[in-house]
Amino acid sequence: MKKVTLVASMLIAGLCSGIVYADDGLDKAIKSEFRQAKNASRDIYRHPAETLTFFGISPNQTVVELWPGNGWYSEILGPYLAKEGQYIAASFETQPATDTPGNKYRANAGSKFETWMTANKSLFGKAKIVTFDPPHKMELGADGSADLVLTFRNLHNWASTDQLENVFAASYKVLKDGGVFGVVEHRANKGMSFSSGYMDQTEMIALAEKVGFTLDQSSEINANPKDAKDYTKGVWTLPPSYALGDTDKAKYQAIGESDRMTLKFIKKAR
């Protein structure tokens, strides 16, 4: 049975894509005490129930999450998929060939994530980790094996190394026909550089279509009209990063987290 949950943000957006519902299992995973309080406190900005429901998630799917970072969505996805489905974390390279600051940061985060997943394996069912390190390690799983590939606020990272098209292509390859590529990313104003952390929505749609995807729907679930996007430290000025420290912190708290695009692409049968 599904619990009928009208997504409030869809009402605000004028029911742009119709009524969306969340199932009881997802609701339970989101409200679980397993989630860290600091993560759950950000639900008002990240809207996990509405976002995952928009992408069409169900508990029997194979779901790949690209670069889960510290596991904000993993806390929800792992337990939710544990019984009937499978969560696959496409995480950082923990043994990089070169010792750059970026590689060192990702290796450390990836190692912590692996330790955390191992410690909680009883809650994650058949969940597993694969190393995803564009362009060196690009395999997300067997071709046509995933129902859903998700990425949250990562596109600017891959753009900075000119790997964005490769990432989109790898996502397309692992998805089944009819599978969904779900994207959430900081949304740029026209002409902004990816170095700001924001990405152009029109350009992201065009790139996804270039590798074979079809845009099914876009949503304003994660929009924030208060985000001026004109900060000297880019998107990291806003919470949760607060790149300026305590300088004007109350101002940035009042703005909240970034304005974000939420895009649902489909891999259609050829």
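Q: How much of the protein chain is buried?
A: Buried residues are 50% of the 270 in the protein chain. Buried means under 20% relative accessible area, exposed means over 50%, and partly exposed is in between (1.4 Å probe, protein chains only).

Q: What should I know about the model before we go on?
A: This is a predicted model: local features need pLDDT of at least 70, side-chain atom pairs count only at pLDDT 80 or more, and totals for chains, interfaces and linings use all residues. Residues are numbered from 1 along each chain as its sequence is written, and side-chain values use heavy atoms, with hydrogens and water left out.

Q: What does the secondary structure come to?
A: The protein chain has 11 helices and seven strands. Both are DSSP runs, numbered from the N terminus: helices are H or I with at least four residues, strands are E with at least two.

Q: And how compact is the chain?
A: The protein chain is as compact as a globular protein of its length, because its radius of gyration of 18 Å is close to the 18 Å that the globule rule gives for 270 residues. That radius is taken over C-alpha atoms, and the rule is 2.2 Å times the number of residues to the power 0.38. The C-alpha atoms fill a box of roughly 50 × 45 × 40 Å along the principal axes.

Q: What share of contacts joins residues at least 24 apart?
A: It is 75%, counted among contacts between residues at least 6 apart in sequence. Contact means heavy atoms within 4.5 Å.

Q: Let's zoom in. Which residues of helix α9 are buried?
A: In α9 (residues 164–174) they are Leu164, Val167, Phe168, Ala170, Ser171, Tyr172 and Val174.

Q: What do they pack against?
A: The buried residues of α9 pack against β1 (62–66), β4 (146–152), α8 (155–159), β5 (175–186) and α10 (201–210).

Q: β5, then. Is histidine 186 buried or exposed?
A: Histidine 186, in strand β5, is buried, with a relative accessible area of 4%.

Q: Which side chain does histidine 186 join in a polar contact?
A: Serine 258, at 2.6 Å. A polar contact is a pair of N or O atoms within 3.5 Å; within protein, one must be able to donate a hydrogen and the other to accept it, and residues adjacent in sequence count only if both atoms are side-chain atoms.

Q: What about glycine 178?
A: Glycine 178 is also found in strand β5. Glycine 178 is partly exposed, at 47% relative accessible area. Leaving aside neighbours within four places in sequence, glycine 178 is in contact with Ile266 and Lys267.

Q: New topic. Where is asparagine 224?
A: Asparagine 224 sits in the loop between β6 (214–219) and α11 (249–255). At 10% relative accessibility, asparagine 224 counts as buried.

Q: Which backbone oxygens does its side chain reach?
A: The side chain of asparagine 224 reaches the backbone oxygen of isoleucine 255 at 2.9 Å. A polar atom of that side chain also lies 2.7 Å from the backbone oxygen of glutamate 257.

Q: Last one. Is threonine 118 buried or exposed?
A: Threonine 118 is exposed, with a relative accessible area of 53%. Threonine 118 lies in helix α7 (residues 101–119). Its side chain reaches the backbone oxygen of glutamate 114 at 2.9 Å.
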